[in-house]
Amino acid sequence: MIYLVDTMQFENRDEEESFKNEFKIELQKLNINKYRFYQSKFFFEKTSKKKWSLLCLMEIDESNREVIDELSQNKDYLIRREEMVLTPNSNIASQNWESGSVSNIVEHVEVQKEFLGEFQEIMIQNNTPAMTYIINEKNWCKEFIALETDRIIYHNSSYPNWNQIHFIAMRMSGMFHYKKDFSEGLEKANALDFKANFDRLKEIRTFSYKASANMSND
């Protein structure tokens, strides 16, 4: 599976909605049927005054790869288009989710290039098992997806860089349980403790953007 991600900026929501409607028609014509849009609401962290306002996450089957070159690019809006791959085992969705609203968090992460291998190992050995535990055993996180940049097709250099994007759907009340539950997940995975794990992450990565967003797939 190929993940194609467009990160975009629009001046206003009307312009954004008009683009979404036209882009959905194009996606459907190209048989890209699995996609979702994220509209940013507010930013917890950012490294630039320039912000993204719309992100489209598309799933494309390897056999349909050629459509990537057929998909239009409007560089008036586009900050970046990239092919991404899944961090191993890092697409986790709750099978027992109880109804209720969720908040979507989108993290654009820049890992120092010399530590990309170590970062992936931390995700595989520590963070993904801990998130799997939270999603399967607790009732405040619905989904976790971690993607790694494989190929940058276009990037507007006036915006910050990144090489990972993480998507989290959760109840905001989970923030009160996060440290305790994540620590339990790390312990079950025989991983580093919470402080050691995140102290090391702070040394090798920064958040280009960490935003709350509305998600839709219609």
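Visitor: Is Glu143 buried or exposed, and how should I read such a label?

Guide: The label rests on relative accessible area, where buried means under 20%, exposed over 50%, and partly exposed in between, computed with a 1.4 Å probe and protein chains only. Glu143 has a relative accessible area of 14% and is therefore buried. Bear in mind that this is a predicted model, in which local features need pLDDT of at least 70 and side-chain atom pairs count only at pLDDT 80 or more, while totals for chains, interfaces and linings use all residues. Residues are numbered from 1 along each chain as its sequence is written, and side-chain values use heavy atoms, with hydrogens and water left out.

Visitor: Which side chain does Glu143 meet in a salt bridge?

Guide: As a general idea, side chains of opposite charge can pair when their charged atoms come close. A salt bridge is counted here when a side-chain nitrogen of Lys or Arg lies within 4 Å of a carboxyl oxygen of Asp or Glu. The partner of Glu143 is Arg36, at 2.8 Å from N to O. Because Glu143 belongs to strand β6 and Arg36 to strand β2 (residues 34-46), this pair ties together parts that are 107 residues apart in sequence. Strands (E, at least two residues) and helices (H or I, at least four) are DSSP runs, numbered from the N terminus. Arg36 is buried as well, at 16% relative accessibility.

Visitor: How many salt bridges does this rule give, and which residues are linked in a network?

Guide: The count comes to 16 salt bridges. Glu62, Arg65, Glu83 and Arg151 are linked in a network of them. Within that group, the side chains of Glu83 and Arg65 meet at 2.7 Å, N to O. This pair links distant parts of the chain, 18 residues apart, with Glu83 in strand β4 and Arg65 in the loop between β3 (54-60) and α2 (67-70). Glu83 is buried at 2% relative accessible area, whereas Arg65, at 35%, counts as partly exposed.

Visitor: Where do Asp181 and Lys138 lie, the two ends of another salt bridge?

Guide: The side chains of Asp181 and Lys138 meet at 3.8 Å, N to O. Since Asp181 lies in helix α4 and Lys138 in the loop between α3 and β6, the pair ties together parts 43 residues apart in sequence. Asp181 counts as buried at 4% relative accessibility, and Lys138 as partly exposed at 25%.

Visitor: What do the strands form, and in which order do they run?

Guide: Strands of a sheet pair through backbone hydrogen bonds, either parallel or antiparallel. Two strands are taken as paired if DSSP finds at least two bridges between them. Here eight strands make a closed barrel with antiparallel pairing, in the order β1-β3-β2-β8-β5-β7-β6-β4. Neighbouring strands of this sheet are turned by 30 degrees against each other on average, direction ignored; the axes are lines fitted to C-alpha atoms, for helices over the stretch in contact, and angles run from 0 to 180 degrees between N-to-C directions. One of the pairings joins β4 (residues 78-93) and β6 (residues 141-155) in the antiparallel sense over 10 bridges, and Glu143 in β6 is the bridge partner of Ala93. Helix α3 (residues 116-137) packs on the sheet, touching β4, β5 (103-111), β6, β7 (164-170) and β8 (205-216), and its direction makes about 60 degrees with that of β4.

Visitor: How many residues of strand β1 are buried, and which way do they point?

Guide: In a regular strand the side chains alternate between the two faces of the sheet. All seven of the seven residues of β1 (residues 2-8) are buried, so this strand is largely enclosed by the rest of the structure. Ile2, Leu4, Asp6 and Met8 point one way, and Tyr3, Val5 and Thr7 the other way. Seven bridges join β1 to β3 in antiparallel fashion, with Glu59 in β3 as the bridge partner of Tyr3. β1 also pairs with β4, again antiparallel, over six bridges, and there the bridge partner of Tyr3 is Met84.

Visitor: Which residues are in contact with Leu147?

Guide: Contact means heavy atoms within 4.5 Å. Leu147 lies in strand β6 and is buried at 0% relative accessibility. Leaving aside neighbours within four places in sequence, Leu147 touches residues including Tyr3, Val5, Leu57, Met84 and Phe167.
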